[in-house]
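Subject: Structure handover

Hi,

Here is the structure I promised to pass on. My notes follow below it.

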Amino acid sequence: MTFEQIYNGATVKPPKTAYGIQKVAEMANSPHLAGMSPEFKRKALLMALNAADTDEGEVLNDLVIRQRALKEYEDSFLERVNQFETAQLDRNRLQQAELDKITGQFKARMEANLDEVEKRHQEFRAWQETKRQELHRFTEAAALCVPQERVDEEQAGSNVTPMLRPTGTFR
């Protein structure tokens, strides 16, 4: 909004005067007064107000009313910004809750995947144990196929468990 719109929309509107604070501000920044001392500018402005039959009190009253209008607008603007912020924060909280829910679901899926991997490792270790038992069963059976004297001779000469070396031909 422009300042004029703010002043016109205020609860207390500035008075309609020929020489309000806006006109005095224009005169104070006139190129005719450029380079003059503050005291000279003050006297020139007071002389102009006096010539226009305008009381300085009216100008100061206009200033106070415009300051209030600006303060009202600032307060309402800030209130709108705060309401917007609150709405955005509420929206962010809802989105965070949704994100946390989705994240939890994905974490649960990932955990289930890791559980499946562990299950497969357990199955593999169980199979390895079964394989070990199968090989042990084969070894015991193969030992029965080797002449006993030879096993005894090899065991007598070494502390290491002998490898079975079947004799004869196999088809």
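Phe77 has a relative accessibility of 40%, so Phe77 counts as partly exposed. The cut-offs on relative accessible area are under 20% for buried and over 50% for exposed, with partly exposed in between (1.4 Å probe, protein chains only). Tyr73, at 18% relative accessibility, counts as buried. Both sit in helix H4, four residues apart, and so are separated by about one helical turn.

Two notes on the source before going on. This is a predicted model: local features need pLDDT of at least 70, side-chain atom pairs count only at pLDDT 80 or more, and totals for chains, interfaces and linings use all residues. Residues are numbered from 1 along each chain as its sequence is written, and side-chain values use heavy atoms, with hydrogens and water left out.

**Overall make-up**

The protein has five helices and zero strands. Read from the N terminus, the elements go α-α-α-α-α. Helices (H or I, at least four residues) and strands (E, at least two) are DSSP runs, numbered from the N terminus. Of the 171 residues in the protein, 12% are buried. Take the contacts with a separation of 6 or more: 54% of them join residues 24 or more positions apart. Contact means heavy atoms within 4.5 Å.

**Aromatic pairs**

There are three aromatic pairs in the structure. In the pair of Phe3 and Tyr7, the ring centres are 6.4 Å apart and the planes are at 25 degrees, so this pair is stacked. Rings of Phe, Tyr and Trp (its six-membered ring) pair if their centres lie within 6.5 Å; planes under 30 degrees apart are stacked, over 60 edge-to-face, and the rest tilted. Phe3 and Tyr7 are four residues apart in helix H1 (residues 3-9), so about one helical turn separates them. Phe3 is exposed, at 55% relative accessible area. Tyr7 is buried, at 9%.

Back to Tyr73 and Phe77. Their ring centres are 5.7 Å apart and their planes are at 70 degrees, so the pair is edge-to-face.

**Charges over rings**

Which ring does the charged end of Arg66 sit over? The ring is that of Tyr7, with the charged end 4.6 Å from its centre. Arg109 lies over the face of Phe106, 4.7 Å from the ring centre. The test is that NZ of Lys or CZ of Arg is within 6 Å of the ring centre and within 35 degrees of the ring normal.

**H2 against H4**

Two packed helices are described by the angle between their axes and the distance between the axes. Helix H2 (residues 21-28) packs with helix H4 (residues 56-145) at an angle of about 110 degrees, and the axes are 8 Å apart. The two helices are therefore roughly perpendicular. From H2, the contact uses Ile21, Gln22 and Val24; from H4, it uses Val59, Asp62, Leu63 and Arg66. By class, that is four nonpolar, one polar and two charged residues.

Conventions here: axes are lines fitted to C-alpha atoms, for helices over the stretch in contact, and angles run from 0 to 180 degrees between N-to-C directions. Under 35 degrees is roughly parallel, over 145 roughly antiparallel, 65 to 115 roughly perpendicular, and the rest oblique. Ala, Val, Leu, Ile, Met, Phe, Trp, Tyr, Cys and Pro count as nonpolar, Asp, Glu, Lys and Arg as charged, and the others, Gly among them, as polar.

Beyond its neighbours within four places in sequence, Asp62 contacts Pro14, Pro15, Gly20, Ile21 and Gln22.

**The loop between H3 and H4**

Asp53 lies in the loop between helix H3 (38-51) and H4. Asp53 is not a glycine, yet has a positive phi of about 60 degrees. At 72% relative accessibility, Asp53 counts as exposed.

Thr54 is found in the loop between H3 and H4 too. Thr54 is buried, at 10% relative accessible area. Neighbours within four places in sequence aside, Thr54 is in contact with Tyr19, Leu49 and Val59.

**Glu58**

Glu58 is in helix H4. At 38% relative accessibility, Glu58 counts as partly exposed. Glu58 and Thr17 are 41 residues apart along the chain, with their C-alpha atoms separated by 8.4 Å.

Best wishes
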